[in-house]
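Biologist: Hi! Could you walk me through this model, one spot at a time?

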Amino acid sequence: MPESPPRRLPAVSPTQDDSLLAALRRGIGGPVGAHTVPGRSAARFFTPFRVLILLTTLAAVVAVLQKSFCRINGWGQPDVYFAGCYSDWTALYAGRGLAENALAPFADGSTFEYPVLAALVASMTAMIAQTLPSFGASASLIYFDVNFLFVFALWVVTVIVTARSAGRRYWDAAMVAVAPGIILAGSINWDMWAVALMMLGMWLFGGGKPGWAGVMLGLGAAMKVFPMLLLGALLILAVRSLRFAPLAWTVLGAVVAWLVVNLPLMIANPEAWSLFYTFSSERPPGWSSIWQIYNEVLPDGSALAVTGASLGTLSVVSFVLCCGGIFLLGVLAPHRPRFAQLALLIVAAFILCNKVYSPQFVLWLVPLVALALPNWRDFLIWQLAEVLHFFAIWAHLSSQVSGHENVHQLDSSIYVMAVLAHVAATVYLMVRVVQQILRPEDDPVRRSLPAQSERPTTVPVGTRKLNATHWDPGDLAAQSIDDPQGGPYDGAADRAPWLIRSTTADVDTRI
């Protein structure tokens, strides 16, 4: 009997892998059939990646509809809060002089309190908006729509890059495609630019291009600070393996890219360049931060309240302590944590310790959660808390600017509880990641990777010799060992003195 041809390693089926989707699949026709290879279809159009793009497009349509009130009636207060459609784009367009001068962020006396690349994007979109015909639309609406079109494109890029980074688990990118947090908060600020650059950096690092990965992270840091935090995750992996070259190339790429963007303005207009950093260092406790909630529950005028003078120290010290704990976890854990797991912990810690926890910060975490903790139950619990917080903060802000009587407003205690809920949900994600770091057998990503025993020692050129599992040996050899985003650190042996075990412990790193 002739040998059956080798089969390509299939994608991980969400309805077979995820407990929540497995419980819901009975209502949509049951599980995937025994003779189906997940991820492969005879259909020529509805490929998995096109389905992901379609889901993202539908989510973007919902996002536009959710902003309909402001798109029709404008972004005036307090209605912008009542309708839940506030956007920094429109507020800054009028409030920072972009409507009169598209290059206002770079002019003398600029009050644009964002990093250089964000200023470039704000100016670029202003120039585009001001060259388009209005057809009776307001200038603010045109500016909003131009920015949203860019965000939609970046959203699609983020979804595709997340899917590419996930390997066999590319359906996990559906979390990014349909995330309620992105639908509601994606049009508040320019955060999606930094998110897309961060994910491009992770994808490039996973593909073995640390220098280019650093360039993306450096550009992301020139947009918002948080993409640079991923270097901390790489430091942990470098310390465990004592392989510092990939980290060094990534740092070099990040520093060069950041300097290329920042140096011209640093030299030409240092006052405008430094505004973001002086504003960040001097700002008081911001909305939805743990510091603001702490002040909220204190009596008015309490001497124990956190002030702008002390907040900088408290925020930095608390974040450094969190990073110290994550570092110890990463270098002492019995099995090497994955890149995405460490990245999620560090970025989440940064958000929690930050002076402000704005609703759009949820964007920073969504793709990291899809890669680090691809579990729909955990994801939806977290997203529910973020949705509740999104509407609670606008309802609370409306009470600050409207003339309505307090009896008709959201009680401040409800706002406090909503903030505590979304902080607790973020901590919950971190706890779940820590659990899977300490018990990698519970990590769905590692469970989905082929065992070392299944991998061919060699892949003969020009032949498709089968191994015992009947999977294509080339397909098996191309799969990650234990970290799809780990790149040079994927499958790297632990060489730090306190981690060295018997040589047999490193034969098979898959749990």
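Biologist: Is L242 buried, partly exposed or exposed?

Modeller: L242 is partly exposed, with a relative accessible area of 43%. Buried means under 20% relative accessible area, exposed over 50%, and partly exposed in between, with a 1.4 Å probe and protein chains only. Keep in mind that this is a predicted model, where local features need pLDDT of at least 70, side-chain atom pairs count only at pLDDT 80 or more, and totals for chains, interfaces and linings use all residues. Residues are numbered from 1 along each chain as its sequence is written, and side-chain values use heavy atoms, with hydrogens and water left out.

Biologist: Thanks! Where is L242, and what is its phi?

Modeller: L242 sits in the loop between α13 (230-241) and α14. Its phi is positive, about 55°, although L242 is not a glycine. Helices here are DSSP runs (H or I, at least four residues), strands are E runs of at least two, and both are numbered from the N terminus.

Biologist: Where does S288 lie, and is S288 buried or exposed?

Modeller: S288 lies in the loop between α15 and α16 (290-297). With a relative accessible area of 0%, S288 is buried.

Biologist: And which residues are joined by a cis peptide bond?

Modeller: Q77 and P78 are, with omega at about 0°. P78 is in the loop between α4 (68-73) and α5 (79-82). In general, most peptide bonds are trans.

Biologist: Let's zoom out. How many helices and strands does the protein have?

Modeller: There are 23 helices and zero strands. Of the 511 residues, 52% count as buried.

Biologist: What about the accessible surface of the protein?

Modeller: That comes to about 22600 Å², and 66% of it belongs to carbon and sulfur atoms. Those areas come from the Shrake-Rupley method with a 1.4 Å probe, and for residues only the protein chains shown count as cover.

Biologist: Now helix packing. At what angle do α14 and α15 pack?

Modeller: Helix α14 (residues 245-268) and helix α15 (residues 270-282) pack at about 125°, with their axes 5 Å apart. The axes are lines fitted to C-alpha atoms, for helices over the stretch in contact, and angles run from 0 to 180 degrees between N-to-C directions. The pair is therefore oblique: angles under 35 degrees count as roughly parallel, over 145 as roughly antiparallel, 65 to 115 as roughly perpendicular and the rest as oblique.

Biologist: Which residues meet there?

Modeller: From α14 there are W258, N262, L265, M266, I267 and A268, and these meet P270, A272, W273 and Y277 in α15. By class, this contact has nine nonpolar, one polar and no charged residues. Ala, Val, Leu, Ile, Met, Phe, Trp, Tyr, Cys and Pro count as nonpolar, Asp, Glu, Lys and Arg as charged, and the others, Gly among them, as polar.

Biologist: A272 of α15 is in that list. Which residues does S110 touch?

Modeller: Leaving aside neighbours within four places in sequence, S110 is in contact with A104, P105, A272 and L275. S110 is found in the loop between α6 and α7 (116-131), and at 14% relative accessibility it counts as buried.

Biologist: How do α6 and α8 cross?

Modeller: The axes of α6 (residues 88-95) and α8 (residues 139-165) come within 9 Å and cross at roughly 130°. So this pair is oblique. On the α6 side the contact is made by W89, T90 and Y93, and α8 gives A139, S140, Y143, F144, N147, F148 and V151. Those residues divide into seven nonpolar, three polar and no charged.

Biologist: Last one: where is G330, and what does G330 contact?

Modeller: G330 is in helix α17 (residues 308-332), and at 0% relative accessibility it counts as buried. Beyond its neighbours within four places in sequence, G330 is in contact with I236, R240, P337 and L342. G330 and I236 are 94 residues apart in sequence, yet 6.0 Å apart in space, C-alpha to C-alpha.

Notes
Contact = heavy atoms within 4.5 Å.
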